[in-house]
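The notes follow the order in which I looked things up.

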Amino acid sequence: MDTLKVRDAGDVEQVVRSALASEQPLEIIGHGSKRLIGQPMATNALLDLSALNAVTAYEPNELIITVQAGAPLADVLSLIDSRNQQFAFEPINTSRLLGGPDVGTIGGMIGAGLAGPRRIKAGGARDHLLGAHAVSGFGDSFKAGGKVVKNVTGYDLCKLLAGSWGTLAVMTEVTLKVMPRPESERTLALRGLDDVAANRAMTAALGSPFDVSGAAHVPNSAFRAAGESALGDLGSPQQAVTLLRLEGITASAVHRAAALGKVLAPFGAAEILEDAASAAVWSSVRDVEPFAAAGTLGAWPVWRIVCPPASGGALGQALARDTGGDVLYDWGGGLIWAALPPKADAQAALVRARVNAVGGHATLLRASELVRRNVDVFHPQQSGLAGLSERVRHSFDPKIILNRGRLTRGAVA
Amino acid sequence: MTIMMPASDEAVLGRRDAIVAALRAIVPGEGVIDKPAEMLPYESDGLMAYRQPPMVVVLPDTTEQVSRVLKYCFEEGIKVVPRGSGTSLSGGALPLADGVLLGLGKFKRIREIDLDNRVVVTEPGVTNLAISQAVADAGFYYAPDPSSQIACSIGGNVAENSGGVHCLKYGMTTNNVLGCEIVLISGEIIKIGGKSAEAGGYDLMGIITGSEGLLGVITEVTVRILQKPETARALMVGFAEVEAAGECVANIIGAGIIPGGMEMMDKPAIHAAEAFVHAGYPLDVEALLIIELDGPSIEVDELISRVEAIALGCGSTMCRISNSEAERNLFWAGRKAAFPAVGRISPDYLCMDGTIPRGALPKALARIRDLSEKYGLRVANVFHAGDGNLHPLILYDANKPGEMDKAEAFGADILRCCVELGGVLTGEHGVGVEKRDLMPEMFSEIDLNQQQRLKCAFDAQGLLNPGKVFPTLHRCAELGRVHVHGGKLAFPELPRF
């Protein structure tokens, strides 16, 4: 397979135009850390953006950073961390879940749009992408958005680019919002709740004025898989734990932790994890460590289910019970990670029927290539919405040159 | 009026009676308005310098009626202009002489309050403030708070991606909506998103938000609601120089503090506001900041003292801190009444809405001062300082010949200046007709073509709200053509691995 390592946006235009001329679809990659997500593609050339890796401008006081799409995520995170800033949506590092080296680019972070625990408070990748330069499937460089935090000039194309899995346009440079890193964090840990009770506790916490920035639940069964991680180390094994995070200036985090503890008293007494201990647990939740590829459930397919948060506990509990699988809850119940015992269809029919019943969607985030060939990886949409989405795609990439076949099954290269 | 709208379709105008009758068959009774006197209230929106009677007004009250009206217009090739409460400041709901004005004012019901999922499902004609009021007893509110919030509708907020003074910390409309039901021009009803944090697939909710009524007609919205902060306090800080105030804003953010609101006013705005509401604003300063911190008392008190220290370090000449809700509201009263206050000192004013990088504030204000001299028109500046969103108010008298044109030229120069300084044409009011012809200042033809292709995916005939946002309209077939450059290239000169 040809790998075309581009040096600048001009190269990207040239490659896409050539691909158009020869009707050859392209697979778009940065570090390739998320290539195992999506329907298997039948492209025969790689457009490699990893050499577009410069930080164009970082202006901490403007709360923005402009970087090329191939910039390593880890480098950008340490750069903004050095100024006590962060991407507030807590991008997931998928390397443990999928296996493979600990790499990834800014472009991949936006294209996948996978946000971590703080999504409930700070929004997702789509809420932090302010502007982009990209090359469409027409082979034209275009600009979307701007470089300021407040902008309603024209259609907000950035929203479409975030989470589009490289199917609409090849981003070459993006401007992202950065936010101050909180001074302190505290996490309340409640023990021994079943999934439905935990869901209620998280709902109570998120309905309080204490500005909860993380609400997760690890059922006791998931601990058998947690192994050597901050979650695995979390006190007595084999007991479910419900986690609620408070961030801010120290006095405030301490005050709110105490106040929230009182609100949650009916659910039991809470332990409090401070700063580093708290951060370690949340990074473990964010990266779904209990279901790591190298762990005991590494061979199981993993679903990422997004649903109305108050429905999460009952949905996850029923899924785990009926499949013999394990689940992990984030976003107050609004995000369920489900590792299910292997089956030819990764239990897609069952998962989707249950998820549809509560009004959510399920993505088969990890599965073997064979399984992904036979299953809709991304949640099938109703026909009107699917048709509109397809027209939107054609408006960017009429010949389906970019990541052809990644989003929908049956597309032929 | 200096803006050219699309040419009227005489064939459509010639069929007006038949069109009115067909609409009456879909929306019975008073829901169709065709008498000129009764259509008067619909002739303009918040951008009152522009007026145009529509061909006919239709006010459906069900999604099914909206769908049938749109399907009829689609099949008959009739233009449609959607309208919420008509508070747009950019002419987003300006009617067309040959168009149906589709008002959503009868969609006034909140459909569901779901406190466990922290969402409200509402019809689009419900006002922004009514949503907060409906959930206030439970301690919740809807965060975006445009200053027209007692009147503006949530459907209009979605169409315009409205902001407000609190959006630095809590986001704009787009960051606070989860789903919607829209009706396409074809009459097709589409549900997007819902009570989940994210919908699957492409983020169509994100593209509909801020699309200014060009993509579809919103018939239901699901918004997320937040718990009210425990407490809020405000500081009023005066500076002898605008630069010092700008530095103070940058240093607050640089210190990792994101206030609930951070507003700036210049001397003319301070004087106008003080004369109007007597908020106790200092009259001897060049710039006034109103900074609000919200959260638990312990946090607010701590941050207030940090902000006060930063302000002192930047040379503030006065600083007052609110010690009661009444005092906090008084600090805000002047800022919130700044537009009407300016209305008292001038027969007319134009409100501009550019955004600049915060650091460029002193430069922008200096440029505005120069332009003010050049055009011989006064200007008062209010400014969402936290997010760099400028609202220069250009004072003029429409009764003086040529003065409105001069004011518009002045405004256009200010927006060009915003783009030059690295900013954008509009931070929260939308492009509409007002800034339509300035779009090429910010976007190339290729950029604009890509946006218009997206429009084609929703409305290939260009029947929904034409004449807004885009200075030049292209046919979708022309935009969709793929130009193959240079035949079959074999990726020359690129390193391969």
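I began with burial: 57% of the 497 residues of chain B count as buried (20 or more other C-beta atoms within 10 Å of the residue's own, with C-beta atoms placed from the backbone). The model is predicted, so I kept to its limits: local features need pLDDT of at least 70, side-chain atom pairs count only at pLDDT 80 or more, and totals for chains, interfaces and linings use all residues. Residues are numbered from 1 along each chain as its sequence is written, while chains are lettered from A and ligands numbered from 1 in the order in which they are written.

**Chain B, overall.** The C-alpha trace of chain B spans about 70 × 65 × 55 Å along its principal axes. I find 18 helices and 18 strands in chain B (DSSP runs, H or I of at least four residues and E of at least two, numbered from the N terminus).

**Core.** The largest nonpolar core has 282 residues (buried Ala, Val, Leu, Ile, Met, Phe, Trp, Tyr and Cys joined through C-beta atoms within 7 Å). Leu161(A), Leu289(B) and Ile394(B) have the most contacts inside this core. Helix α9 (residues 242–254) of chain B gives the most to this core, eight residues. I then listed partners of Leu161(A), leaving aside neighbours within four places in sequence: among them are Ile110(A), Leu129(A), Leu168(A) and Met171(A) (contact: C-beta atoms, placed from the backbone, within 7 Å).

**Domains of chain B.** The assignment, automatic or from a database, gives domain 1 (10–103), domain 2 (110–227), domain 3 (231–339) and domain 4 (346–437).

**Domains of chain A.** Chain A is divided into domain 1 (2–180) and domain 2 (184–382). Their C-alpha centres lie 27 Å apart. The contact takes 17 residues from domain 1 of chain A and 26 from domain 2 of chain A. I noted that α3 (95–98) and α5 (119–122) of chain A each supply at least two residues of the domain 1 side.

Key. Buried ≥ 20, exposed ≤ 12 C-beta atoms within 10 Å, placed from the backbone. Contact = placed C-beta atoms within 7 Å.
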